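Please look at the aromatic rings in the structure below, and at the charged groups and other rings around them.

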Amino acid sequence: MLGRRPTVAGPAETNHAPLTAPGATRAMEAVLERVLEARLRQARDTDAVFTADMADRLAAYVRRGGKRLRTAFVWCGWRAAGGSGDASAVLRTGAALELLQACALIHDDVMDGSPLRRGAPAMHVDFAHGHRPGRTGGSAESFGTSAAVLAGDLALAWADDLLTETALASPHGPRLFEEWRTMRTEMVAGQYRDLRAQASGSSGTEEALTIAVLKSARYTVARPLALGASLAGADARTLGALRAAGRCAGLAFQLRDDLLGAFGDPALTGKPADEDLRARKLTLLLAVAVRLAETTGDRDAAAVLAPDADARPGHSVERMRAALERTGARAEVEARIADLASSGLRHFEATGAAPGVRREFAALVERASGVTPQQAEELV
């Protein structure tokens, strides 16, 4: 069945390759909209209540968007590997990644108990708000959690369906699917390591790095680059360079996200700025601060950042932020981000990609890491 074309394709899917990563992202949005419309038609054929309560809510959640970085990285990987012409498989792969991202965010918010996502109530909170006292029994919170888990499962099903359809229609389908399958396992592994670290009160830098790579770096940049390259039939050398570039750029993205989680503006991030600190989520930022506090003998910082710090008198998020600054952890993480961004650009250049594609990748790395290429070179 490999090599069979999709039975239904919109006009944007059969156009020649978009000339830029932003152009690919815009074209993907049109593809994603058609996919959502098709899935909602299927949902209506299944059950009206399910459609109104869950499928419509999930489609609205996906439409609210986000950074849409993954599609741009798929395009960069495809172009770096020599991809050109019909970009339909690239756009559909990007749309599948957006659906998978919806699953990851919905489930992550449930596990973290996060009230907000992208400036709006998280999915489990939104479902809980729809639980009407007097008309529905049981706990609103329990209902919201259970319904959100199902919504995340539905997003995963839609993502897998779309990726499978795309793989079946591509001569490089087996390679595409293998990258996808590995990425899904890495995501679950990273999420579990995150939960386990919180439960054990871990502060190790190696564990923090492992979580960041599995949960975010590969999924956000490295695997999207490899998915795109697979669609172009990339050779081993190109794939190796792209994976190295993606690991560096993806880790820079996650470390920037960690800094925003501790010091960011909720109006810009769309979620509370103190959430990770209150939960004492294991990030490299926290792990570095604990290490520096111990090596310099900063007992106050070590106490504030300790796993049982919530039980200590006077504990506050403000004291944690001060400790992150005073120990030098924030500055060290900033330096690591610059180093990683610079390394990512060097690895990508090793693919032999055309100058225009390298510029597109550099712009994406700047957007993801918050460090311009010039700043990266100056800071390392």
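## Charges over rings

In this predicted model, the charged end of Arg-330 sits over the ring of Phe-263, 3.9 Å from its centre; a charge sits over a ring if NZ of Lys or CZ of Arg is within 6 Å of the ring centre and within 35 degrees of the ring normal. Arg-57 likewise has its charged end over the ring of Phe-127, at 4.2 Å from the ring centre.

Local features need pLDDT of at least 70 and side-chain atom pairs count only at pLDDT 80 or more, while totals for chains, interfaces and linings use all residues. Residues are numbered from 1 along each chain as its sequence is written, and side-chain values use heavy atoms, with hydrogens and water left out.

## Aromatic pairs

Rings of Phe, Tyr and Trp (its six-membered ring) pair if their centres lie within 6.5 Å, and planes under 30 degrees apart count as stacked, over 60 as edge-to-face and the rest as tilted. By this rule there are 3 aromatic pairs. In one of them, Phe-73 and Phe-361 are edge-to-face, with 5.9 Å from centre to centre and 70° between the planes. Because Phe-73 lies in helix 3 (residues 69-80) and Phe-361 in helix 16 (residues 355-369), the pair ties together parts that are 288 residues apart in sequence; helices (H or I, at least four residues) are DSSP runs, numbered from the N terminus.

## Burial and cluster

Phe-73 is buried, with a relative accessible area of 0%, and Phe-361 also counts as buried at 0%, where buried means under 20% relative accessible area, exposed over 50% and partly exposed in between (1.4 Å probe, protein chains only). Phe-73, Phe-348 and Phe-361 form one aromatic cluster.

Methods: Helices (H or I, at least four residues) and strands (E, at least two) are DSSP runs, numbered from the N terminus.
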